[in-house]
Amino acid sequence: MPVAGLAPGSPARPADLIVRNAKIYTGDSRRPFLTALAATDGVIDAVGGDADVAGLIGPDTVVVDAMGRRAVPGLNDSHNHVVRGGLHYTLELRWDGVRSLRRALAMLREQAARTPEGQWVRVAGGWSVESFAERRMPTPAELNEAAPDTPVIVTHLYQAAILNRAALKAAGIGRETAAPPGGQIVRGHDGEPTGMLIAAPSALLLYSTIAKAPVLDPEGQRESTRQFLRELNRFGLTSLIDAAGGFQDFPGGYAAVTSLHEAGELTVRVAYHLFPQTLGGELEDLRRWIGMVRPEDGDGWLRFNGAGENLTWAAADFENFAQPRPQLPAYEGEFEKAVRLLMEHGWGFRLHATYDETIRRDLVVFEKLAAEGLFPGGNRWLFDHAETISPESLDRVAALGGAIGVQHRLAYQGETFRDRYGDEAAAAAPPLGAMRERGLTVAAGTDATRVSTFNPWVALYWLVSGRNVRGVPLRSRANRVDRETALAMYTSAGASLTGEEGIKGVLRPGFYADLAVLSDDYFTVPEEEIPGIEALLTVAGGRIVYAAGQFEGLAAPAPTVVPDWSPIAHFGGYQASPRPSRPEPSGVRQAEVLAQAAADSTQYRSWRAERGLAGDVPALDDPCFG
């Protein structure tokens with residue numbers, strides 16, 4: 001119906017987009033709760049009440065009635081592997097959100113039947129034994145039964161991979177195949193591989209094996225990345241920081257995301273890192289890249305942010321919590337050279353560091369360079385993961401100007417961690433309370449896709465509840481955070497890690513118009529329902545990039561998934577669980593609802609007749625939706 005005061009006018013600078021009648025949480029402590037927002041040229045012009053934005057409506061302004069739903073700043077995953085993950089997304093069978101191994105194997109069996117000869121079925125992350133009712137991995141025998149002829153590989157965290165016979169053959173793993181250092185090929189009594197590969201503790205064996213599967217051509221990789229970004233939009237993601245990784249060389253490995261950016265087709269803002277690829281040649285990689293790109297090169301959609309999450313391979317403490325903590329050899333010499341090179345050239349960096357034992361060794365190197373004036377030197381740097389970081393190490397991080405990135409890996413591995421290190425250690429993994437007490441910037445992310453799911457609401461649930469994906473309580477109250485703090489860790493804190501805290505992460509005039517209108521009110525739903533939240537409307541740079549439910553049709557149609565046999569084309573990405581059942585209205589209540597709808601319809605037709613608007617009710621009578 002027409003809304004008084006919101007008819008199009010002739011403002012000097014009309015807004016491109018207005019969202020009204022919303023419960024907006026801005027993230028701005030000065031004005032946290034408002035109802036309307038206006039944006040032009042991708043930037044917020046005004047926030048306030050509906051009347052505050054009415055004067056900005058022009059003839060071409062898109063006005064969206066949020067219908068009283070909660071809106072929040074666009075989410076920012078501070079640790080995602082979208083550049084690499086996007087290249088393979090449409091080839092992957094995603095078990096994210098699947099609740100039972102029985103269902104997972106049924107999906108695999110169905111997908112194997114449609115997968116063409118020469119292709120593999122691959123499951124790469126987003127699930128764990130703690131997310132399945134059966135609390136176990138599939139066996140090689142089950143994969144052989146589900147897909148006797150199609151190669152199948154299923155990876156489980158940084159712990160293991162399970163292959164069927166066809167995949168062992170396609171990957172060239174046989175009786176004489178030697179495992180790399182830190183990896184184990186499990187063999188039967190006859191000496192033949194069983195199909196189990198173990199990270200003991202290095203994940204290199206797992207990733208080098210999955211890298212043998214067929215890849216998409218460049219155009220396919222571009223479209224696959226587009227599909228992955230849209231799936232992230234489904235959950236309200238508008239920004240992320242790509243943490244790079246193995247088998248992700250620069251610039252070739254970044255061609256898909258770069259191509260989308262050049263065409264103006266990115267729907268998620270990406271700040272990317274560079275990860276030295278060559279074992280023993282890390283310094284050469286870094287020197288080459290320093291001559292090619294500088295921090296903050298790019299724009300608000302695609303920009304370079306620094307090195308990492310590894311600087312030298314030897315310093316990486318791969319976390320397989322089912323195995324003892326790795327005992328790293330001496331690595332400090334080359335590591336110091338890499339850090340010095342970066343600091344001298346103004347490069348920030350991030351470091352994969354799971355254990356305090358590794359973090360302490362890294363800090364000794366940093367403190368040596370600090371004595372030379374290189375720390376804190378204005379370069380942004382952080383430790384990622386930091387599940388067992390000590391209070392003493394946190395003090396040293398703060399003194400050196402560092403930050404922390406935490407991911408919800410223990411939502412998928414928390415019980416395994418507890419079984420090895422005990423209840424007390426699990427209660428403080430990671431020690432969020434001690435981090436916040438020191439005033440450190442602590443940004444949240446997922447570490448998707450090879451470990452945890454890319455669904456940020458699962459991570460937000462973990463931050464708030466301290467529970468794993470099965471609902472088991474693990475972290476103490478002191479190491480949990482309230483909902484506003486968790487959301488800030490997923491918005492403004494991530495912006496700080498890229499030096500963009502003055503332009504995004506908060507809904508404030510002059511900031512990017514990045515926001516999400518949610519399916520459920522994050523601040524009031526029962527805690528256990530937080531993982532089920534999705535975006536019904538996602539806006540990135542003032543452009544509606546995703547729309548569902550009552551907003552369906554406001555975004556451009558989703559592109560067709562290719563190839564047509566893609567698991568994503570048939571199953572989608574994250575497998576949302578059915579919502580908790582709600583009591584159905586009684587027969588009397590149903591009759592009352594029907595009578596009220598009829599009365600409303602009669603009243604509206606009378607209203608139209610009084611104004612000489614006889615005839616059928618037009619579909620777009622309200623100028624807000626013109």
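1. Let's start with a term: on a 1 Å grid over the protein atoms alone, a cavity is a set of points where a 1.4 Å probe fits but cannot get out, and a pocket is an open set with protein on both sides within 12 Å along at least five of seven lines; a lining residue has an atom within 4 Å of a point. Points are joined across faces, edges and corners, and the space filled by probe spheres set on them is the volume. Searching the whole structure this way turns up 6 cavities of 30 Å³ or more.

2. A word on what you are looking at: this is a predicted model, where local features need pLDDT of at least 70 and side-chain atom pairs count only at pLDDT 80 or more, while totals for chains, interfaces and linings use all residues. Residues are numbered from 1 along each chain as its sequence is written, and side-chain values use heavy atoms, with hydrogens and water left out.

3. Now for the largest cavity, which holds about 200 Å³ of space. Its lining has 16 residues, and Tyr-158, Tyr-207, Gly-246, Phe-275 and Phe-318 lie nearest the centre. By class, there are 9 nonpolar, 5 polar and 2 charged residues in this lining. Here Ala, Val, Leu, Ile, Met, Phe, Trp, Tyr, Cys and Pro count as nonpolar, Asp, Glu, Lys and Arg as charged, and the others, Gly among them, as polar.

4. The second largest cavity has about 80 Å³ of space. Nearest its centre, among 13 lining residues, are Gly-74, Thr-238, Lys-504, Gly-505 and Asp-514. That lining divides into 5 nonpolar, 6 polar and 2 charged residues.

5. At least two lining residues each come from α16 (456-465) and β22 (535-540); helices (H or I, at least four residues) and strands (E, at least two) are DSSP runs, numbered from the N terminus.

6. The second largest pocket has a volume of about 520 Å³. Of its 18 lining residues, Pro-181, Ser-202, Leu-204, Trp-313 and Phe-318 are the closest to the centre. The lining comprises 12 nonpolar, 5 polar and 1 charged. Do look at Phe-318 here, as this residue is also listed nearest the centre of the largest cavity.
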